[in-house]
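Here are my notes on this model, point by point. Please keep the structure open as you read.

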Amino acid sequence: AEKHAGMSCVTASMDDIQFEEAARVGQIIAIRTKVNRAFKTSMEVGIKVTVQDVLTSAEKTVSVAYATYVAKPVGGGKVELKPVQLLSAEDHLEHSLAIERRRIRLGYVQVFQKLMQESNKEGDFYTCEEKDAVSTEHTHVQSTELVLPPHANHHGNTFGGQIMAWMQTVASISASRLCRSHPILKAVNMFKFWGPSFVGDRLVFNAIVNNTFHNSVEVGVRVEAYNCEEWIKDQPRHINSAFLIFNALNDKGELLPFPRVKP
């Protein structure tokens, strides 16, 4: 993103991420990225992650993801980005698909906000009457992390990937309270940055199971940031939220069922 913009850039959001393979210790991971399309002040960066087994040389796709970046010039303000130079048929295809992904991306937020407004109507609550349903309160996990220099990029902002890693940890613990195995991350949905955090901030992660779907579970994670003054006054900044989907396998590699939950 910075190579295309010619200046510092920051991550605005990540499209939903699906994990097709699990990368393991001893395997080689390759990450390839390119700017697919530049819009007026933002750009879409495509990311492809593959894993190669050193013994067999077999290569498999771990994930294909799309991130939205915005330029961050000195002094603030917005910068109009130059168009992407298209060199191959694949470049042209991704350039065309990028505008459709952007349309879906923007519509996705509007649909979700409408659903939230409708679900907040008085008396419109879901209750599970199953006898063995597990209370979602049992799955609540909270963690606090101090942002140190190794956790930050060259702007002094916390790495988005570091935040996602911390989110996965608390979400995995939350999901594990419903299964007798180690949960496997299959997807990250609606990962959006609502604001930055910086070195010295305290980040508070709250995770809870939202619902189970027989062989999968959705965990919601909310991230709030505090500097020293905000910490004393209890004035958090909401910087991120996301929904993480997990599966769980038994010793035979078969999907395990999750119990129903009671919100």
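1. Start with glutamate 44. At 0% relative accessibility, glutamate 44 counts as buried. Buried means under 20% relative accessible area, exposed means over 50%, and partly exposed lies in between (1.4 Å probe, protein chains only). This is a predicted model: local features need pLDDT of at least 70, side-chain atom pairs count only at pLDDT 80 or more, and totals for chains, interfaces and linings use all residues. Residues are numbered from 1 along each chain as its sequence is written, and side-chain values use heavy atoms, with hydrogens and water left out.

2. Which side chains meet glutamate 44 in a salt bridge? One is arginine 101, at 2.7 Å, N to O. Another is arginine 105, at 3.1 Å, N to O. A salt bridge here is a side-chain nitrogen of Lys or Arg within 4 Å of a carboxyl oxygen of Asp or Glu. Side chains of opposite charge can pair when their charged atoms come close.

3. Now place the first of these pairs in the chain. The side chains of arginine 101 and glutamate 44 form a salt bridge. Arginine 101 lies in helix α2 (residues 89-119) and glutamate 44 in strand β4 (residues 42-52), so the pair ties together parts that are 57 residues apart in sequence. Helices (H or I, at least four residues) and strands (E, at least two) are DSSP runs, numbered from the N terminus. Arginine 101 counts as buried, at 14% relative accessibility.

4. Glutamate 44 and arginine 105 meet through their side chains in a salt bridge. Glutamate 44 is in strand β4 and arginine 105 in helix α2, so this pair ties together parts that are 61 residues apart in sequence. Arginine 105 counts as buried too, at 15% relative accessibility.

5. Look beyond the pairs. Asp15, Glu44, Glu94, Arg101 and Arg105 are linked in a network of salt bridges. By the salt-bridge rule, the count comes to 10.

6. Helix α2 also holds a pair of its own. Glutamate 100 and arginine 103 meet in a salt bridge (2.9 Å, N to O). Both lie in helix α2, 3 residues apart, about one turn of the helix. Arginine 103 is exposed, with a relative accessible area of 52%.

7. Next, the domains. The domain assignment gives domain 1 (1-106) and domain 2 (132-262); such bounds come from an automatic or database domain assignment. Their C-alpha centres lie 23 Å apart. In contact (heavy atoms within 4.5 Å) are 14 residues of domain 1 and 13 residues of domain 2.

8. How much area do domain 1 and domain 2 bury between them? The value is about 1,100 Å², with 49% of it on carbon and sulfur atoms. Buried area is the accessible area (1.4 Å probe) that two parts lose on being put together, summed over both. Between domain 1 and domain 2 there are 0 salt bridges. Polar contacts between the two domains come to 8 residue pairs, both residues at pLDDT 80 or more. A polar contact is a pair of N or O atoms within 3.5 Å; within protein, one must be able to donate a hydrogen and the other to accept it, and residues adjacent in sequence count only if both atoms are side-chain atoms.

9. Serine 197 is worth a look. The residue sits in the loop between β8 (183-193) and β9 (202-212). Serine 197 counts as buried, at 3% relative accessibility. Its side chain makes a polar contact with the side chain of threonine 158 (2.6 Å). Leaving out residues up to four places away in sequence, serine 197 touches several residues, including Ile163, Leu203 and Arg237.

10. Finish with asparagine 227. This residue is in the loop between β10 (217-226) and α4 (228-233). Asparagine 227 is partly exposed, with a relative accessible area of 29%. A polar atom of the asparagine 227 side chain lies 3.1 Å from the backbone nitrogen of glutamate 229. Not counting residues up to four places away in sequence, asparagine 227 touches Asp201 and Arg237.
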